[in-house]
Amino acid sequence: MSEYKPADIEPKWQEYWLNNKTFRTDHNDRERPKFYVLDMFPYPSSAGLHVGHPEGYTATDILARYKRMNGYNVLHPIGWDAFGLPAEQYAIKTGTHPRDTTNQNIDGFRRQLQALGFSYDWDREVNTTDPAYYRWTQWIFLKLYEQGLAYEASVPVNWCPELGTVLANEEVIDGKSEVGGFPVERKPMRQWMLKITAYADRLLDDLNDLDWPESIKEMQRNWIGKSEGANVIFPMKAGTSSVEESIEVFTTRPDTLFGATYMVLAPEHPLVNRITTGEQKSAIASYRNTAAKKSDLDRTDLNKDKTGVFTGAYAINPVNKEEIPVWIADYVMMSYGTGAIMAVPGHDERDWEFARKYDLPIIEVVKGGDVTKEAYVDSEEGVCVNSANDEVSLNDLPVPKAKKVITKWLEEKDCGTHAVTYKLRDWLFSRQRYWGEPFPVIHVDGKPKPLPEDHLPITLPEMDDFQPTKTGEPPLAKAKDWVNTTDPDTGKPAVRETNTMPQWAGSCWYYLRYISPDYEQGPVDPEMEKYWMPVDLYVGGAEHAVLHLLYARFWHKVLYDIGAVSTKEPFYRLVNQGMILGELEFTAFKDAAGEYVTADRSGLSDELERIKLLEKDVEKRGDRFVIKGTDTVVDARSFKMSKSRGNVINPDDVVAQYGADALRLYEMFMGPLEQVKPWSMQGVEGVYRFLKRVWRLIMDEEFGGVNEAVAHSVNDDGSPAVQPDRAQLKLLHETIKKVTADIEGHRFNTAISALMIFTNEAMKWEVRPVSVLKPFLLILSPFAPHLAEELWAKLGALSGKQANGTDFPSNGPTEDGGTLAHEAWPKYEEALLRADSKTYAVQVNGKVRGQIEIPADRSSEKDFVLDAARNEPGVRRHLEKGNVVKEIFVPNRVINFVVK
């Protein structure tokens, strides 16, 4: 081989690593420091990997390789989050069993990942659809049930008749399913729930101990939504119904009670039917029907127009005895607080908009704004006004003090109590699907009963018909022979649970199974868990910031409470890689006369003709793009990759043209890991050229073998013929220091820049010492492992030795000695970083008049340095113009002669 050919190099080393289990984690070595680096495992879709996947995977692989070379025992596993709706939908359309589709997709993903050279321990591969795996998912569910954390309830859910399943709020967009765009309706159904709310405070408090992005922690805090305030009782106006009624509300602002001018109930609130007047029943019924079709996310969208209907009933404000109207509105949720709110339009934007729309009173009770124009919401530090009755006055009190005073008064009058509430709701844990984990539960005499552990795993029955039912019964209900069973304890007839678990279940604990995938006595070997947990670094997309991470933390805390794990939290450090967008798209604009118009996004008219341009048609000028040869600015934007837009990049195509090392290197060189970045094939071409330069740094493309600049550094017996000079060593050790610090700091793009600088400089050397090139290849290897391995072997052949010191055979590396993967990471020497000389700029009367070079070891000697400065020709000429009255010398910084 003479040219750099990734298609020849990369498959060879991938096969070598796989066959020799190069990256297998040592089960028994618990003496070395450990490093558990984890990727968010992928759902194996039929589309395969896109270029967004390898970004995070490459980052973790660089760290895994780096840590191994630094003596760490590294756990770097991969697996498949393989249950999911797409495989079931495909089964419904084609009759192909979801298992077959899933396994086929996994094979495709595995091939793609191995083709990118990731150093996974493939002996630890897990698959959430494997009964040997979900046996322990079912076991964890039984433990949740035993702890009183799993229960059945009839709850309103997002039911999609077309998909035949319940959808999470996040899976419903504008009243339609995210998958397929089918109508979704709210419907009460029997569901399994997990009592995550019991762990709300711990989930909140323990965030403080985690090294996570603050934005992610804040998203979790907001999702949990802990609020402190008061529950306040508003009696209904006498005669509203046949029995005495009242409305209880939770408010974080009891200090604003005197400004409550109306109330709002959730449409589902049980009080609505009892208090609605005859004249309003029709309007109320119509509104409730419309609200039932909306998801919780749609209803709480702050940007949407607020709507509501008056019930005809009135409540009594307990602080001023005013009669205030009671409305229903879909922005109030039955699942938060009490399902009712007191509306204070003077100090809440949503309430203010609603009050203005329906002509309801607006009263200022915290001074500082003009509530006739907008709600004054910046009132936490404000002072109360218009807030007094015969027994209590909040006037002139600061808000924090007013809250305490009014809450105490409410408690004394039996009108309310201090309260804490959460936005977090219990986790709806059922899905009406076939392709999911079966619940280890039977129903006996109509009541749920957990199955004994020795009955696990409860496997899915073989079925041909995966079609959802129109009644809401899951597909499993059709498997009558499987559904109808007997209670193993009593022998009574029993019916199996036909709901399945959501896809979240398997991903809640997979990081534990990687530790001991073959352990048979529990989900994880306790001794191995104590060594490996917590995960040292977890890398994945920010789209999993809330639900996956929250659910996994909840399960982990339950496992901690029952003694199954030894840590309170699963993931010590979290990093979110940024999204990779499609390539820049360029659009020019023409007016009606056919003339190009400079793009101005804020002022473009729909009448302008949009002209799509290619990259070759434009050039960058400053921070903008213009049509080549003109000053006409074009619109340049990147968009999220999608099939519909046609801008999806398949990594297989990139690897086929440029190789896996180029793909890995480019994804890390694009910019900071956490940043959103546009894809550019020109950028891939650029790093490919760099890799070819690295190849030519050592190899002779014309004649094959190492080039003369390298060969001349080695004697015939493999011993060094020349020693590196000071400049070569300085460059090497500067590069080692920079790359080491940048890997530790996850600054992979700047580490690659340092490698490029080294290569450019080393290409100029007439002799390239092997003793310098080898450390360079070691620090290159986490980024471009295939090329580094190949060149390491070439240098090994030159010296006659393999990585392990054995003789290098003519037909390539042997199975036990030919990889650099476990070589020691090079250490830089501070002494070699220091320059041989120090440059001083010499000033006369504050102006630079010359420059001198001083040997580094004498740069602090005042007399020596000043003598050299006086004799610099330009300086001497200016000194001769007068008398030196002062000499200023700051070692290694300043020389200044004051002359008069």
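Trainee: Why is C384 called buried?

Mentor: In this predicted model C384 has 0% relative accessibility, and buried means under 20% relative accessible area, with exposed over 50% and partly exposed in between (1.4 Å probe, protein chains only), so C384 counts as buried. Residues are numbered from 1 along each chain as its sequence is written. Because the model is predicted, local features need pLDDT of at least 70 and side-chain atom pairs count only at pLDDT 80 or more, while totals for chains, interfaces and linings use all residues; side-chain values use heavy atoms, without hydrogens and water.

Trainee: What makes C508 buried?

Mentor: C508 has 1% relative accessibility, and therefore counts as buried. Buried residues make up 52% of the 900 residues in the protein chain.

Trainee: How do you know that C384 is in no disulfide?

Mentor: A search of the whole structure finds 0 disulfides. For C384, the nearest cysteine sulfur belongs to C415 and is 18 Å away, whereas a disulfide is a pair of cysteine sulfur atoms within 2.5 Å, so C384 is in no disulfide.

Trainee: What share of the contacts between residues at least 6 apart in sequence joins residues at least 24 apart?

Mentor: With contact meaning heavy atoms within 4.5 Å, the share in the protein chain is 70%.

Trainee: How many helices and strands are there in the protein chain?

Mentor: Counting DSSP runs (helices: H or I, at least four residues; strands: E, at least two), the protein chain has 28 helices and 37 strands, and its C-alpha trace spans about 105 × 85 × 70 Å along its principal axes.
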